[in-house]
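Please look through the structure below before reading on, and keep the sequence at hand.

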Amino acid sequence: MLTLAAGAIAAVAAVPLGFVVYTTIDTGWAESARLVFRPRVAELLTNTVLLTAIAVPLSVIVGVGGAWLVERTVLWGRRVWSLLLATPLAIPAFVGSYGWVSAIPSLGGLWAGVLIAVLFYYPLVYIPVAAALSRLDPALEESAAALGLGRWAVFVRVVLPQLRLAALGGAVLVALHLLAEYGAFAMIRFDTFTTAIMVQYQSTFNGAAGSMLAGVLAALCLLLLVGEVAARGRARYARVGSGAVARPVRIPLGGYQIGAQLALLALVAAALGLPLWFVVRWTVRGAAATVPADLIDALGTSLGYGAVTAVVTVAAAFPLAYLAVREPNRITRTLEASTYVSSAMPGIVIGLALVTVSIRAVPDLYQSATVLLVAYVMLFLPRAAVGLRAGLAQAPPSLEEAARALGASPPTAFARITLRLTAPASAAGAALVFLAVTNELTATLILAPTGTRTLATEFWAKSSEIDYAGAAPYALAMVLLSLPTTYLLFRQSRRSAGPITRRRGSR
């Protein structure tokens, strides 16, 4: 039964990839080649590749550098900095772009895109790298130092290789977000595949040109995923034996302390302070003109879609996670992987796929809440599945077997043991999905039923009309909704490092 449910979920999740293949075949190879191999596509490809090639390494440098400062040095106020460096994750990139455009109206072009990308996506690298640093075995560094390596050589030759998986995973997340981002780059007038597809969709509805652009974008996403798997390698990162569970000796910054403080202050001010300043400023300035009913309506819609999607997504992820943990084999791994492929595709590709399928197969569902809900589940299914896998792995099957041996029926034993033990993981996954839904823009713009207002779409509608005062309250509401979940995510990453005991002489 679970296998059938997982298969059905995987089949639905495969719709976007099937849409790309079907559209290419339906358009014809000759016409597809003409639409793909043209100057406009080359321009978009250049913009997208340059943005990714510049912004991703910079995000890694900023994320790893910030994590190293708070986890490995005697940094003043490091506990405060550790939280502040993660907080920009609570600000949607298009809200951050709105703040910077408010400060510099002429902001635009490639380097503006790089600025926005690094400021609002580096936490995707910082959070996992900081968690990895906090649980590294300090004995490795001590051994390298005892062999005569200096501090910089120890960091480059011992610490950095141990951070490879965390940094690589964060870098892939940044790259996938850049390929999918629409609002942030549209606001600064920087053309990427996603912004061009949206313009094409709005002008010709679901024309072949937009579908071919979506195909190229999907191919770039799949190429990134394949590259990430290859880049992982087969090196072992787990330590053998108990190791030295202790805090590493922190490096004194000495004369670099002031410089480090100023650098972190500038980073947090640019990523957090400036956007929040203009959001609050515009909110106060436009308070008299803002219609509270619109904001309340949009807030209620966002909360409703977020809550329903969170429950449905966790329920859909459970069969996949359960089979992956309890019955691992080639089939279950394939079913689980299929959901990751679809979720890696930008919201605009999923939106176009569901528009096509709903119009041709089930016209009554076109522009319905059901189709929008399906899109949200496709986009955010892995956010729930990853946490559920961890929760199920910590719920031994032997406990269920013991409950059945004591007379409980299989459903009762499952409900009382497994479901209760996985409840925290389910709640964490639901919170992540809720956060993503309340800030989602692209798929919502394409699929939302007529008259639907969410915080993201209302913000975008007003900011597109240069009504920054009217857009500000929606931006502020999104940030306030995102802050608690971001904090919980940060705290969870710190707990995942495991308990650490203090050794004598550590500082």
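The points that follow describe a predicted model, grouped by topic.

The mean pLDDT of the protein chain is 81, and 85% of its residues reach 70 or more.

**Confidence along the chain**

- Among the elements of the protein chain, the highest mean pLDDT, 95, belongs to helix α7 (residues 110-121), while the lowest, 67, belongs to helix α9 (residues 138-146).
- Over residues 236-244 the pLDDT is below 50, and this stretch has 14 contacts in the model beyond near neighbours in sequence.
- Residues 497-507 also have pLDDT under 50, and for them the model has 20 contacts beyond four places in sequence.
- Where pLDDT is low, the predicted coordinates should not be read in detail.

**The interior**

- The largest nonpolar core has 141 residues, of which Val95, Tyr98, Tyr126, Val129, Leu178 and Phe459 touch the most other members.
- Helix α19 (residues 369-393) gives the most to this core, with 13 residues.
- Tyr126, one of those core residues, is in contact with several residues beyond its neighbours within four places in sequence, among them Gly63, Ala67, Trp81, Leu85 and Phe490.
- Phe459, another of the core residues named above, is also one of the buried residues of helix α24, together with Leu455, Ala456, Thr457, Glu458, Trp460 and Ser463.
- Why can helix α24 be called largely enclosed by the rest of the structure? Seven of the 10 residues of this helix, which covers residues 455-464, are buried, and therefore the helix is largely enclosed.

- Leu17, Val21, Ile25 and Trp29 make a nonpolar surface patch of about 440 Å².
- Helix α2 (residues 15-27) gives the most to the patch, with three residues, whereas Trp29 is found in helix α3 (residues 29-36).
- With a relative accessible area of 65%, Trp29 counts as exposed, because exposed means over 50%.

**Charged pairs**

- Side chains of opposite charge can pair when their charged atoms come close, and in this model the count comes to four salt bridges.
- Glu31 forms a salt bridge with Arg34, with the closest N and O atoms 2.7 Å apart; both residues lie in helix α3, three residues apart, which is about one turn of the helix.
- Arg40 forms a salt bridge with Glu43, with the closest N and O atoms 3.3 Å apart, and both lie in helix α4 (residues 39-72), again three residues apart.
- Arg40 is partly exposed at 30% relative accessibility, and Glu43 is partly exposed with a relative accessible area of 39%.
- Arg40, Glu43 and Asp191 are linked in a network of salt bridges.
- Asp294 forms a salt bridge with Arg453, the closest N and O atoms being 2.9 Å apart.
- That pair links distant parts of the chain, 159 residues apart, with Asp294 in helix α16 (residues 292-326) and Arg453 in the loop between α23 (442-447) and α24.

- Which residue with a positive phi follows helix α24? Ile466 follows this helix, has a phi of about 60° although it is not a glycine, and is found in the loop between α24 and α25 (468-495).
- Ile466 is exposed, with a relative accessible area of 59%.
- Gln367 is a residue other than glycine with a positive phi, near 55°, and lies in the loop between α18 (347-360) and α19.
- Gln367 is partly exposed, with a relative accessible area of 30%.

Conventions:
Residues numbered from 1 in each chain as written. Predicted model: local features only at pLDDT ≥ 70, side-chain atom pairs only at ≥ 80, totals over all residues. Heavy atoms only, no water. Buried < 20%, exposed > 50% of the residue type's maximum accessible area, 1.4 Å probe, protein only. Helix = DSSP H or I, 4+ residues; strand = E, 2+ residues; numbered from the N terminus. Patch = residues over 30% accessible without salt bridge, like charges linked within 9 Å, V, L, I, M, F, W, Y side chains within 5 Å. Areas by Shrake-Rupley, 256 points an atom, 1.4 Å probe, with all protein chains shown as cover. Salt bridge = Lys/Arg side-chain N within 4 Å of Asp/Glu carboxyl O. Core = buried A, V, L, I, M, F, W, Y, C linked by side-chain atoms within 4.5 Å. Contact = heavy atoms within 4.5 Å. pLDDT = per-residue confidence, 0-100.
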